[in-house]
Amino acid sequence: MKYSELINCLEKKAGIKPKQIDLCRILNLKPTAISARAQRNSAFSDEEIEKIEKKYSIKIESREKFIKINFYINNDLLFNNNGKVELSTNYVEYKIPSNLFCSDIDKKTYSMFHMLDNSMNPLIDFGDFVIFENNSNFNIENNKLYVFSYNNRVYLKRLSFNIKELVIESQNPDFTVQYLAENDLDGLSILGKVVCHGKIYNGTFFKDCTTY
């Protein structure tokens, strides 16, 4: 929260307009530091906001935690590293609410792209966002959704093992079930396991999310 927003919020919620010297005492800062912040309309940290809230016994704002994910805007997910398929570095960092799905934020990384076909209808529509946990070393769990590459193309399918072959299923009945023999799995690279999918409104608002 920036300086001007904080002052306005305190006026509305606490009925006071603190002077710069008051903020200095609350935050244990020098007058020059607060003065510079006021001139630049700089932001206060979450810790500073908490001190001000405690001083005036109010709740200034709800601070939601976010997770950084790798957003592949153009669905350019693949990078061929001397014959080994890896996730590309051609992405932008995107923030999503940490409570969108169950996650171990400190130990896992995630990527997001848009579904560009209707093979997973009606579960996942064309244009829906898909978030997957980055990991190339998954032990495939039957009937789970995975993002993978095969012959330099990216797919999102439901995978399961049937004796000595991998069963690759779409949700849409118009798409036939594919079978990949065990000795052909070298050409398949798992990019990640799907943890969430849904819709995006105005670039930032998530709706109708399904999590796993």
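## Stop one: the largest pocket

The lining of the largest pocket divides by class into 13 nonpolar, 6 polar and 3 charged residues (Ala, Val, Leu, Ile, Met, Phe, Trp, Tyr, Cys and Pro count as nonpolar, Asp, Glu, Lys and Arg as charged, and the others, Gly among them, as polar). Before you click on, note that this is a predicted model, where local features need pLDDT of at least 70, side-chain atom pairs count only at pLDDT 80 or more, and totals for chains, interfaces and linings use all residues. Numbering starts from 1 along each chain as its sequence is written, and side-chain values use heavy atoms, with hydrogens and water left out.

Select Asp117, Arg153, Val154, Tyr155 and Lys157: of the 22 lining residues, these lie nearest the pocket's centre. A pocket here is an open set of points on a 1 Å grid over the protein atoms alone, where a 1.4 Å probe fits, with protein on both sides within 12 Å along at least five of seven lines; lining residues have an atom within 4 Å of a point. The space in this one is about 510 Å³, a volume being what is filled by probe spheres set on the points, which are joined across faces, edges and corners.

Now colour strand S8 (153–162), which gives the most to the lining, with 5 residues. Strands are DSSP runs of E, at least two residues, and helices are runs of H or I, at least four, numbered from the N terminus.

## Stop two: two helices

Select helix H2 (residues 20–27) and helix H4 (residues 46–56): their axes come within 10 Å and cross at roughly 105 degrees. Axes are lines fitted to C-alpha atoms over the stretch in contact, with angles from 0 to 180 degrees between N-to-C directions. H2 and H4 are therefore roughly perpendicular (65 to 115 degrees). Show Asp22, Leu23, Ile26 and Leu27 on H2, then Glu48, Lys51, Ile52, Lys55 and Tyr56 on H4, to see what makes the contact (heavy atoms within 4.5 Å). That set holds 5 nonpolar, no polar and 4 charged residues.

## Stop three: a ring pair

How many aromatic pairs does the structure hold? There are 5, counting rings of Phe, Tyr and Trp (its six-membered ring) with centres within 6.5 Å. Pick tyrosine 3 and phenylalanine 44: their ring centres are 5.9 Å apart and their planes at 25 degrees, so the pair is stacked (under 30 degrees).

## Last stops: single residues

Go to serine 189 in strand S11 (residues 188–201). Beyond its neighbours within four places in sequence, serine 189 contacts Val85, Phe148 and Ser149.

Finish at proline 122, where the peptide bond from asparagine 121 is cis, with omega near 0 degrees.

Key: Angles under 35 degrees count as roughly parallel, over 145 as roughly antiparallel, 65 to 115 as roughly perpendicular and the rest as oblique. Rings of Phe, Tyr and Trp (its six-membered ring) pair if their centres lie within 6.5 Å; planes under 30 degrees apart count as stacked, over 60 as edge-to-face and the rest as tilted.
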